[in-house]
Amino acid sequence: MLKKLESSRLALLFAAGLITGLATNLRVGEEILWTTLLCLIFAVGLSMGLEINKIASMSREKISWGLKLILATLTGSLTGGAVIYLLIGEPALKYSLAISAGMGWYSFTGTYLASIDPYLGFLGYLSNILREVYTYITYPLLAKKLRYSSISLGGATTMDTTLPVIASVGGSEAGIIAFIHGAFLTLLIPIIVSALAST
Amino acid sequence: MEVIIALIAGILVGTLLGRALSNKEKNLLTSIVSKTTLFLTYALVFVIGLRISQILPDIITRGQQVVLVVIAFSTIPAVLSLAISYLTLRS
């Protein structure tokens, strides 16, 4: 879905937004931000609906591995958010959990949290984009020792941006499990993040 | 709530179109959706930058603390996910 995204291009766009905001004092209305975000979510849902047969045709064993990984990724990420809150004490627990529940989906988490508070958006965007970067760097090393467990590191990005790395290092079986893992997390993230942040 | 509705609506429309369209049409639609998603992601990343420019002085004032928080949020959840996955799959 987002295979063509490049970290450098994203960094440039992010910097361009920062510079434009500082130089021109340009502001984007809440409605425009929210509408764009909903369009993105709809487009992601649409692409998942189009690929639903692909997931249904996968073997039960791979689906079962993928589901176990999803549960582990979810538990680890939420526990991580709670640990950070206990260690640092900021932001509030519900936002700490929401940021860590982004699991690599920076465009959604960053935008959703920015609509609540720009500082939360900053944390949501940067920490989730870094998770993707860590996956690119460490997956080839970790996969040799930890095999399928290392797919967890990529969170939701394992169905698109980090899938090529996983499939090329771990083989096609790892690629299939990574796709299931990323697809289901992509489905869950909007529900979990919005539920956590709005409580 | 709107987020969940948009997601479910997208999945439903995608599933229905996936059944109704021929393979050629499906591939064309997948390619269009992929490009649209890419464009929307770029647009949102730019807008996030724009929004953050409003609080940049505040972030700079916080200095080291912000760096610490970002490092914590990017590493701790990822490392714990990895550890729990390893323990789950090993058993």
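This is a predicted model: local features need pLDDT of at least 70, side-chain atom pairs count only at pLDDT 80 or more; totals for chains, interfaces and linings use all residues.
Visitor: How confident is the predictor in chain A, and which of its helices have the lowest and the highest mean pLDDT?
Guide: Chain A has a mean pLDDT of 86, and 96% of its residues reach 70 or more. Among the elements of this chain, helix H3 (residues 52–56) of chain A has the lowest mean, 74, while helix H5 (residues 93–100) of chain A has the highest, 96.

Visitor: What makes up the interface between chain B and chain A?
Guide: On one side there are 57 residues of chain B, and they are in contact with 85 residues of chain A. The two chains bury about 6,700 Å² between them, and 80% of that area is on carbon and sulfur atoms. The elements of chain B that give two or more residues to the side touching chain A are helix H1 (2–20), helix H2 (23–53), helix H3 (56–62) and helix H4 (64–90). The largest share, 20 residues, comes from H2(B). By class, this side of chain B has 36 nonpolar, 17 polar and four charged residues.

Visitor: Why is Leu153(A) called buried?
Guide: The relative accessible area of Leu153(A) is 6%, and the word applies to values under 20%, so Leu153(A) counts as buried. Leu153(A) lies in the loop between helix H7 (118–146) and helix H8 (163–170) of chain A. Leaving aside neighbours within four places in sequence, Leu153(A) is in contact with residues of both chains, including Tyr134(A) and Leu142(A) as well as Ala78(B) and Leu82(B). Gly104(A) is 49 residues away from Leu153(A) in sequence, and the two C-alpha atoms are 9.0 Å apart in space.

Visitor: What makes Met103(A) and Arg147(A) worth a look, and is each of them buried or exposed?
Guide: Met103(A) has a positive phi of about 40 degrees although it is not a glycine, and Arg147(A), also a residue other than glycine, has a positive phi near 45 degrees. Met103(A) is found in the loop between H5 and helix H6 (106–114) of chain A, while the place of Arg147(A) is in the loop between H7 and H8 of chain A. The relative accessibility of Met103(A) is 0%, which is under 20%, so Met103(A) counts as buried. For Arg147(A) the value is 52%, which is over 50%, so Arg147(A) counts as exposed.

Visitor: Which form does the peptide bond from Glu90(A) to Pro91(A) take, cis or trans?
Guide: That peptide bond is cis, with omega near -10 degrees, and Pro91(A) is found in the loop between helix H4 (60–88) and H5 of chain A.

Methods
Residues are numbered from 1 along each chain as its sequence is written. Chains are lettered from A and ligands numbered from 1 in the order in which they are written. Side-chain values use heavy atoms; hydrogens and water are left out. Contact means heavy atoms within 4.5 Å. Buried area is the accessible area (1.4 Å probe) that two parts lose on being put together, summed over both. Helices (H or I, at least four residues) and strands (E, at least two) are DSSP runs, numbered from the N terminus. Ala, Val, Leu, Ile, Met, Phe, Trp, Tyr, Cys and Pro count as nonpolar, Asp, Glu, Lys and Arg as charged, and the others, Gly among them, as polar. pLDDT is the predictor's confidence in each residue, from 0 to 100. Buried means under 20% relative accessible area, exposed over 50%, partly exposed in between (1.4 Å probe, protein chains only).
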